[in-house]
Amino acid sequence: MGSRGAATSEKKDGWREFAPATLAPMSGLERRSFLKLMGASLALAGLGAGGCHSSTPEHIVPTTRKQNARVPGSTRWYATSVLRDGMALGVLARCDDGRPTKLEGNPDHPASLGATDAITQAELLGLYDPHRSAIVRRQGRASSWEVLEDFLRDRLAALEGKKGAGLHVVLGPTTSPTLKDLFELAATRFPQAGWHRHAPLDDASAREAMRRIFGRPLSTVVQPEMATVVVCLDCDLFTEGASGVCCADRFADARRKALSSGSLSPWLMVAEPSPTITGARADDRLAVRRTAVSLLARELLYRVAPGSSGVAEVTNVALVGEERAWLERAAARLLAAGSRALVVAGRAQPSGVHEAAMRINAALGSLGHTTRLIEPPEWLASRAVGLQPLASAIDSGAADTVVLAGVNPVFDALPELRIGERLRKLEGTFHFGLYRDETAEACRWHAPLAHDLESWGDARAPDGTAGVLQPLVEPLGNGRTLIWLMAMLAGLPGVPDLDRVREHWQRRWRTNLESTWRQSVGTGVIADTAAATVQEDPRQAAEASAEIAPRSGIEVVFDPDPFVLDGRHAHNAWLQELPRPLTRVVWGNVALMGPQLAQRLGVETCGVIRIEPADGHGDGAAVELPALVIPGVAEETIAVTIGHGRCAGSPVGIGRGVDVSSLRRISAQWLVGPVHVGVTGRSRRVVIPQGHETMAGRAIVREVAPGGVLARSGTIHLPIYEGAHGAAPQQWGMSIDLASCIGCGACVAACQAENNIPVVGPDQVERGREMHWIRVDRYFTESRRGAADIRFQPVPCMQCEDAPCELVCPTGATQHSADGLNDMNYARCIGTRYCSNNCPYKVRRFNFYLFAERGDEAAPRIQQMRTPRVTVRGRGVMEKCTYCVHRIRAAEMRARADNSMISDGAVRTACQQVCPTRAIVFGDVADPATLVSKAKRSGRSYSLLEELNTRPRTTYLADARAEPEKEGGGV
Amino acid sequence: MPNLFGPRADVVMRLGMALVGAVICAGGGVLFVYGDPSWAIEQRRYVSQPVMFSHQHHVGKLGLDCRYCHQTVESSDFAGVPAPDTCMGCHAALYTTAPILEPVRAAWRGGAPVAWNRVYRLPDVVHFSHQVHVSAGVACVSCHGRMDEQPLTMQAAPLRMGWCLSCHRHPERALVPMEERFDPRATPGSARNAGARVDRRDILTSCSACHY
């Protein structure tokens, strides 16, 4: 508190910046008393304003029964999982007074390893979303579960006579063993029924490739930590599927270990049409047309294993200069790595590429090392067909009852299937979903499905490990689960889902039923259920077709949106407002293209282009969307993301971005070309919170050669404040390792969830009023090969020791704490925004409006989700990263109560805890033994804008890249 | 006869009125700031309750321990208000028909819980934990006063930030030996505690000790 008052004392050397008089504190009347006097006169003017205090008495209402296990105000943790395409990602849910308020990764779960991604963080908002469906509807009018149950039961009973002919069930991918049991019963009851699996982000080409190589669709578990070279063929290893988090974790861990001995291993090589976070992390990235990846894969296979390629001679004429050079480097590295090589292919690539990748792995002997084969954890894929047979069945009149559960094919199936049109023709259509979405509107019946976090269930991780899902709250939206539905289809009597899941597993265990069950629910993981590695030798390759994709014209490549995916999360405002890692775009999608193509087309960022398939078929298939020009996109390629332009479900997602699915074809889901591209001359806004693309020559993201150290600057630290900061024994600090960060944005989402950060919408983001306390800056830098390199840098509050913001606050609302935090006191803030103006890092955020949902009708539901120990800020108040001070204080209080010390790692900030690559380290910088102190002693450690002499507590570890550019080499 | 009012009478009167007004305002302000008048901050006002529970009787005469009812005071931010089970532990046998206890019996039978009126009301901008204060050796009596003398409960402390800070700056004033924390007659700040060890003393006056 005394730092301002102490500023009058002169330094010993006589140096001082200001005359003493200007620094004298207000004499006589202290500033605090002055403010109170002002407050008092206001209170008097308000005639008894003080009396208003008592007009609304508050009540304390105890429970009516004593609950010994429950301590009011306490926090409990429950293990469960959230599902991504049926696969489990284990989480630990923090519940405050019975309300789930935060999801953290489950360290015991193989898909999480303690971290999560941004989408998992946002599942919390999905749980509380007030726009979720909560009413059973029949032809749009409110009905009830009882009516639906009776109706469906009668209908199923009638179908039983026909052995289920006419019944069609559409499900999403699922790994649930309990559901499989019920499915078997239902399939026995209805042998003639059609079972369909709808997965917009399917890995069908990988399954097809595995079937060709091994005779059955085995799954793979990739282990990048075992590799010395990883080659990604159009594969976003760090986000694709449910294994992205653990892949990123293991990759980063291996890299950190290698870096400590001065090498970059695993060496990451990526060939992709549009930049991804995996590509941005790559040591050797090639921007290549999606069609040309097949050529790369085949040639790579030919180089590595000439005998097994199935292609006598590869027509490598089709590769052009840069591609050829990349291929040579990749082949050389793969051969050198031998069994420690890993080649992976992405879902957008045809099965031939997957086959080539797997055959390279097999030929190099890396099967069983860097990639393991397992029986597929997903059982539905082998038991169900796709949507095409459903379309034919509806057309032929063979289908009369269609049950769709947890899927939205009217929006996300390819428009060629015209699913919506066909469903509308039928009488008996039942949709079960989280939202009253496009499919719900096409069906006669709609009923709410329960969210993963409010259901009992089970699911497998990508490596086959099963885990139990337990509900954290009673279903908020009156929803029921897939298990309930499948039991209904199987004709079983109504039993709680819990009993079904428990009985399923207890039938398997035979002994210690209760204790094993309790342990499984407690840890979220069922022991010894990981799939065993399958030893299988690849079959001889069949003669591969030597067709060569045409390399002409502009091609459009489709990818799922990084956060909204295929549109399933379009109603999640956190994800809509989370800047996409590469483009930084929020609330919409763009046509991504490189500068050369943009120049040739004569279009700039925000200019609307019109894309039409050149083949002419598909009338009205043209799509218009704004362009975004960034480097790193392959030549003659326009990259667009699907999942936007929703037209039903929730006001959050409806009409955001453009639905591009009319361009997609069943034969070419992820690629269409050649296309006609017209420039409309109009422009449409593209909302991007980050205004800069380059570092403008400044050393913002610094990098070193592996094993190298940064040159020390000659900055002299002269404190602005007098008197020592940091009188407390523990001093908090943070170090962010830019060599580990992959720019995924999970930290931003976690911070938003933890710190009750509101969403502001596209209009406000456009005005620069986004509220994220931590942002991930993306920069393009000139690469040695002429292409652009991409760098990410998470920027939270730097918690400067000599903080410029503190000096200019007229009310003293931002002050330094004794343990080195730059405190923000909302109650004192009067919103001058001086602090933000004076912040060189631009990390302060201002509530221009009452952004927190305190006023609208959604408020009660959303308030349940709030972290109770973090103040919800009102209008006119400045806010910023606090290093999760509530977690620090809670740890201090725990330590006080236990009479212990806070050990290193006991306090973790939300961004640190979520980080899949463990790039963020936080702790006590006064203790030289802590991880953060060790990180700060590294030769790679540096302060952002060090020359400003703010002495940030948040420092960075310089990125480690091969052959570094000149220091701070911005474009 | 000279004029009763001189030429400056108006000015004098206006100045006088302004002066009186200023004195009233200033006096009010000074009272508000330095006096912490109890009427403005609801200090020492007895709050009526749906059940006229007397701490004086239960604590002072019967000698019940604070933690018999406020069970989570050592383990949570909230001290806790008892469920009717706790009351009925005795009142199932004592005063079983007393009309004053009817709300408790109704709650016990499964009716609406008793909605007690809050006496100590901290602003929402403050984070307060009973657990940490009690485990640090702060006595109940340091903030709540002599509960054994209060028939109904009143707010014994001003609950203003200056009052919080007076202890956070000099914590030993509120401390008692650990075994006396729950003694309603404990005397915090007596000479025995002059040398009390206070951990993390520096952090106690940082804004983020309470405001975050």
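Me: What makes E1(A) and strand E1 of chain B count as paired?

Reply: In this predicted model, two bridges join E1(A) to strand E1 (residues 116-117) of chain B, and the strands run antiparallel. Pairing requires at least two bridges between the strands, so the two bridges found here meet that requirement. In E1(B), B:Trp116 is the bridge partner of A:Ile60.

Me: How many residues does each chain give to the contact, and which elements of chain A take part?

Reply: Chain A gives 46 residues and chain B gives 44 residues. On the side of chain A that touches chain B, helix H2 (31-45), strand E1 (59-60) and helix H27 (885-898) of chain A each supply at least two residues. The residues of that side of chain A comprise 20 nonpolar, 16 polar and 10 charged.

Me: Why are E6 and E8 of chain A called edge strands?

Reply: The open sheet has seven strands in the order E6-E5-E17-E16-E15-E7-E8 (chain A), and its pairing is mixed. Strand E6 (141-142) and strand E8 (194-197) of chain A each pair on one side only, and they are the edge strands.

Me: How do you know that E7 and E8 of chain A are paired, and what lies across them?

Reply: Strand E7 (residues 167-171) of chain A and E8(A) share four bridges in the parallel sense; because pairing needs at least two bridges, these strands qualify. A:Leu171 stands opposite A:Arg197 in E8(A). Helix H13 (residues 388-395) of chain A lies across E7 and E8 of chain A, running at about 135° to E8(A).

Note on methods:
Residues are numbered from 1 along each chain as its sequence is written. Chains are lettered from A and ligands numbered from 1 in the order in which they are written. This is a predicted model: local features need pLDDT of at least 70, side-chain atom pairs count only at pLDDT 80 or more; totals for chains, interfaces and linings use all residues. Two residues are in contact if their C-beta atoms, placed from the backbone, lie within 7 Å. Ala, Val, Leu, Ile, Met, Phe, Trp, Tyr, Cys and Pro count as nonpolar, Asp, Glu, Lys and Arg as charged, and the others, Gly among them, as polar. Axes are lines fitted to C-alpha atoms, for helices over the stretch in contact, and angles run from 0 to 180 degrees between N-to-C directions.
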